[in-house]
Amino acid sequence: MKHLLRTLLAGTVAVSASLAASAAHADNYVSITGAGSTWSQVAIDAWRADIRANGVVVNYSGTGSTDGRTQYIQHTVDFAVTEIPFENPPEPGQPAEVPDRPYAYLPIVAGGTSFMYHLTVAGKQVRDLRLSGKTLALVYTGAVTRWNDPRITAENQGRVLPDEAIIPVVRSDGAGASAQFSRYLWRVYPTIWCPFAQSHLGACGLTSFFPTFGNAKSQVGSNGVADYVSASYGEGAIGYVEFAYAKRINYPVVSLLNQAGYYTQPSASDVAVALTRAQINADLTQNLDSVYVNPDPRTYPMSSYSYMVVPTTAASPFNVDKGKSLATFINYFLCAGQQKAQILGYSPLPKNLVQAGFAQVAKIPGTVPSPALSSCNNPALSVLTSAAQPLPCQAATSRVSCDGRTPATTPPAPTTTTSAPTSTTTSAAPTTATPRTTTPGSGSPVPVTSAPVGKTAGATPPAESSSRAAPAAAAAPTPTAPSGGAPAATQLVDPAGAPYVTSVSLAARSESSQNRLLYWLSALVLLAVVVAPPVISWVLLRRRNRSATG
Amino acid sequence: MTNVPSARVRTSSVTPELVSSLVAAALGALALVWLLYERILPTSGMLGFWLCWYTAFLALYAVVVGLTQDRLAVSDRIAAVVFSTAGLVLFSVLLLVVGFVVDKGWDAVHHWNFFSETTALIGPDAPLDRGGIYAAAVGTLEQVALSTLISVPLGIATALYLNEVRGHLAGVVRTIVEAMTAIPSILAGLFVFAAVVLTLGFNRSGLAASLALAVEMLPIVARTSELVLRLVPNGLREASAALGASQWETVRRVVLPTARPSLVTAVLLGVARVVGETSPILLTAGFTNELNYDPLHGPQVSLPLFAFTEVRFPVDNAITRAFGAAAALLLLVLLLFTSARVIAGRPLGHVRRRERRRLARAFATATDPTRQVPTA
């Protein structure tokens with residue numbers, strides 16, 4: 001019955017989608033089961049639906065990386081997805097994880113650890129916060145506790161943020177995001193992280209369970225963190241989530257300082273560029289030390305990728321037939337599936353990681369051959385040549401912020417505000433950048449002019465910034481003036497048409513006149529309340545008495 | 001003489017005076033608290049504002065009523081307001097929960113395909129006019145039916161042991177059953193996972209989920225059934241025994257028929273308790289987007305698990321689908337409770353008297369103790 005139904009369904013799809021070639025063997029595929037990372041779950045769910053049209057049934061349950069690894073050890077799943085390798089030696093207080101069936105690690109999808117924040121200045125949400133990894137390390141170890149800390153001010157071109165407490169939000173459940181963040185802190189800032197980790201965890205290393213400290217709040221799940229930060233009581237909060245969670249509710253994420261001195265967003269292309277320096281250890285685990293300090297100015301430093309743990313022998317519950325399904329699935333998501341990953345807020349895997357993945361697919365029993373790189377439809381294979389360079393205003397040394405504010409204490413006139421970044425955009429070529437000599441069509445300044453849309457935090461939703469990745473931006477036929485200066489200038493103006501400071505004071509003035517009206521109204525109501533009830537009751541009583549007597 | 005009773009009647013009905021003093025107190029408190037709380041004092045916030053408003057409202061209302069009435073009437077009015085507010089708050093919380101879920105899920109629910117298709121072929125970001133919760137609904141119905149099949153005979157048997165047999169272990173069993181109602185539901189899932197999936201090597205499936213749900217459901221059915229059986233009057237049992245019936249016959253022909261409508265309620269309460277449980281099935285059912293009619297093999301999704309999975313996705317359509325599934329689940333629970341009320345008929349006391357009369361008549365007229373009533 002089930003078999004019949006599946007065949008029927010697959011048949012229908014094959015006809016309608018004209019996927020005859022691959023669907024002819026639809027009934028040959030055996031369903032496979034996996035569990036693990038919630039971090040990668042959205043991407044896997046999308047790939048599962050895509051590959052299902054070819055007859056491969058993938059059952060994936062997002063029970064968390066730790067559970068995924070445990071289930072792999074317990075032989076209850078065919079594959080597991082996790083952000084960190086099997087823990088041997090384990091984290092403090094956890095048992096060692098030693099699977100008794102052979103396995104290989106395979107990169108599946110990349111992403112940047114994004115820091116979503118909720119900060120309001122004069123009734124207006126701050127959308128262009130810039131921080132370095134060091135400042136974040138200090139925030140997440142309890143050393144920097146106020147938003148007006150001079151170290152934060154210095155990174156934001158002298159702009160003083162309000163005197164509010166920083167509420168760092170961490171994950172209370174065992175999370176890959178916590179592991180990725182703590183690994184960054186551990187590898188890059190051991191002098192800050194290790195004393196903190198020693199006192200809270202008893203050992204210096206990465207942890208899936210980020211300790212709570214000082215003012216920190218812990219929340220379950222990325223959606224819990226995103227909900228806390230975006231809630232009305234979340235003013236002053238900052239939390240690490242997958243970029244998609246911030247993007248969905250149009251919340252800003254921190255621009256992080258990279259080795260080249262640019263503050264970048266965790267966009268798909270900047271993460272992919274960073275991961276081109278990812279190295280793979282002899283035991284197939286990832287080594288991101290060179291990713292964190294990648295000298296490319298387009299690097300988002302806190303980038304990482306998650307693994308799939310695949311069996312390399314046909315030990316139960318795995319077998320050769322399942323190997324065929326699994327290999328087909330993996331070959332799909334390493335190539336065309338990576339486009340979907342980008343849409344869902346992840347970053348596509350760059351070439352080096354795709355090749356590493358193909359090498360592992362070959363070890364799966366019953367494997368099918370991987371496609372050649374030339375026919376692999378992965379958008380990030382040539383990310384190094386196609387990714388757009390950062391704007392000059394993103395540089396640490398820039399005196400002009402990306403939304404056109406200058407750090408001067410006096411509010412600039414509108415004309416200077418708009419012209420300042422324009423001139424820098426057009427005249428100053430990115431110093432460390434390799435000139436974009438790429439596919440025909442993107443040699444023009446198209447990516448440059450489309451970039452400010454995403455980079456101008458506040459003017460447009462950050463959804464734009466992910467589309468900045470190479471093929472999408474290059475393919476988009478954007479009619480632009482050859483100089484590229486004019487469109488950039490118009491985009492850099494505040495949508496309200498007024499510079500930042502002026503719009504705030506205007507809003508404040510209209511608020512105060514509204515207040516006066518409300519004060520008067522309330523005074524009138526109070527007066528009515530004091531006077532009316534005795535009068536009404538007096539009238540009512542008199543009427544009742546009159547009707548009783550008369 | 002005519003004056004006094006008419007005045008008394010008026011205090012309990014709605015008068016212009018009552019309405020105007022209520023409205024005036026409410027508005028006055030609103031203005032006062034807004035001025036004080038939001039403007040003059042350095043405080044702000046929704047919750048604090050409304051709490052202060054309510055306090056000020058009560059105080060003002062007491063003052064306003066006190067202008068014309070004596071102290072007794074004032075306290076009467078205040079008590080009336082406080083108790084109606086309590087009821088109103090409870091009701092509005094319920095309304096808010098249902099309304100919130102239905103509102104968030106409406107975009108998904110109003111598509112017919114939401115109930116007739118599965119999510120096997122669609123990803124998390126697919127439009128809402130494709131895919132739906134059919135597989136999850138099938139899973140929920142099968143798992144709940146299976147767990148009912150397991151736990152109801154066991155639960156009622158336990159209740160009979162506790163209340164009719166009254167064996168040596170009755171006290172111990174009762175304590176265990178009571179303790180079982182208090183265990184966190186995740187433990188039921190962990191227990192079945194450890195015992196059935198890991199030790200016996202049984203795969204994650206609908207049956208494993210049903211076992212976990214049955215563990216959760218058993219103490220509720222047993223406890224409620226025991227309470228229901230306790231309400232069957234002893235006179236019936238004594239009469240039955242006096243007529244020469246054995247204990248088994250007494251239970252089968254007197255006690256159980258008497259308690260039948262209430263036993264149905266007990267079962268439905270148990271069902272309603274487990275139908276929305278997520279944690280026991282989290283570890284035992286596995287997750288799939290495929291339609292799986294077979295609870296014995298392969299992972300099987302259910303409504304709570306589907307909602308729990310989809311709501312965590314950072315994709316709008318997936319979240320809407322999750323709320324749609326939650327709305328469907330709410331509807332299912334509502335349906336169950338409504339049918340429980342209908343089947344159980346009127347409150348227990350009433351049913352008991354009617355049953356007693358019918359049974360008494362049957363015992364009195366018939367020589368053999370049959371359940372059937374010869375006369376209409």
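A crossing of two helices is left-handed if the near helix is turned anticlockwise from the far one by less than a right angle, and right-handed if clockwise. The views below show a predicted model.

**View 1. Helices α9 and α11 of chain B cross in the right-handed sense.** The axes of α9(B) (residues 206-230) and α11(B) (residues 247-275) come within 8 Å and cross at roughly 150°. Angles over 145 degrees count as roughly antiparallel, and α9(B) is therefore roughly antiparallel to α11(B). From α9(B), the contact is made by L213(B), E216(B), M217(B), I220(B), V221(B), T224(B), S225(B), V228(B) and L229(B). From α11(B), V255(B), A259(B), S262(B), L263(B), A266(B), V267(B), L269(B), G270(B), R273(B) and V274(B) take part. Sorted by class, this contact has 13 nonpolar, four polar and two charged residues. An α-helix has 3.6 residues a turn, so residues three or four places apart point the same way.

**View 2. Chain B touches chain A through residues that include parts of three helices.** In this interface, 38 residues of chain B are in contact with 40 residues of chain A. On the chain B side, the elements that give two or more residues are α2 (16-40), α3 (46-68) and α8 (185-199). Helix α2(B) supplies the largest share of that side, eleven residues. The class count for the side of chain B that touches chain A is 21 nonpolar, ten polar and seven charged residues.

**View 3. Strand β10 of chain A pairs with β4(A) and with β8(A).** Strand β10(A) spans residues 237-242, and six of its six residues are buried. Its pairing with β4(A) (residues 103-117) is antiparallel and runs over five bridges. In that pairing, T113(A) stands opposite E242(A) of β10(A). Strand β8(A) (residues 167-171) runs parallel to β10(A) and is joined to it by three bridges. P168(A) has I238(A) of β10(A) as its bridge partner.

**View 4. Helix α4 of chain A is mostly covered.** Eight of the nine residues of α4(A) (residues 65-73) are buried. These are S65(A), T66(A), D67(A), G68(A), R69(A), T70(A), Q71(A) and Y72(A). The buried residues of α4(A) pack against strands β1 (32-36), β3 (79-82) and β15 of chain A, and against helix α7 (176-188) of chain A.

View 5. Most residues other than glycine have a negative phi, and most peptide bonds are trans. A122(A) counts as exposed because it has 12 C-beta neighbours inside 10 Å. Q157(A) is partly exposed, because 19 other C-beta atoms lie within 10 Å.

**View 6. A cis peptide bond joins S316(A) and P317(A).** The omega angle of this bond is about 5°. P317(A) is in the loop between β15 (303-311) and α13 (320-334) of chain A.

Key:
Residues are numbered from 1 along each chain as its sequence is written. Chains are lettered from A and ligands numbered from 1 in the order in which they are written. This is a predicted model: local features need pLDDT of at least 70, side-chain atom pairs count only at pLDDT 80 or more; totals for chains, interfaces and linings use all residues. A residue is buried if 20 or more other C-beta atoms lie within 10 Å of its own, exposed if 12 or fewer, and partly exposed in between; C-beta atoms are placed from the backbone. Helices (H or I, at least four residues) and strands (E, at least two) are DSSP runs, numbered from the N terminus. Two strands pair if DSSP finds at least two bridges between them. Two residues are in contact if their C-beta atoms, placed from the backbone, lie within 7 Å. Ala, Val, Leu, Ile, Met, Phe, Trp, Tyr, Cys and Pro count as nonpolar, Asp, Glu, Lys and Arg as charged, and the others, Gly among them, as polar. Axes are lines fitted to C-alpha atoms, for helices over the stretch in contact, and angles run from 0 to 180 degrees between N-to-C directions. Angles under 35 degrees count as roughly parallel, over 145 as roughly antiparallel, 65 to 115 as roughly perpendicular and the rest as oblique.
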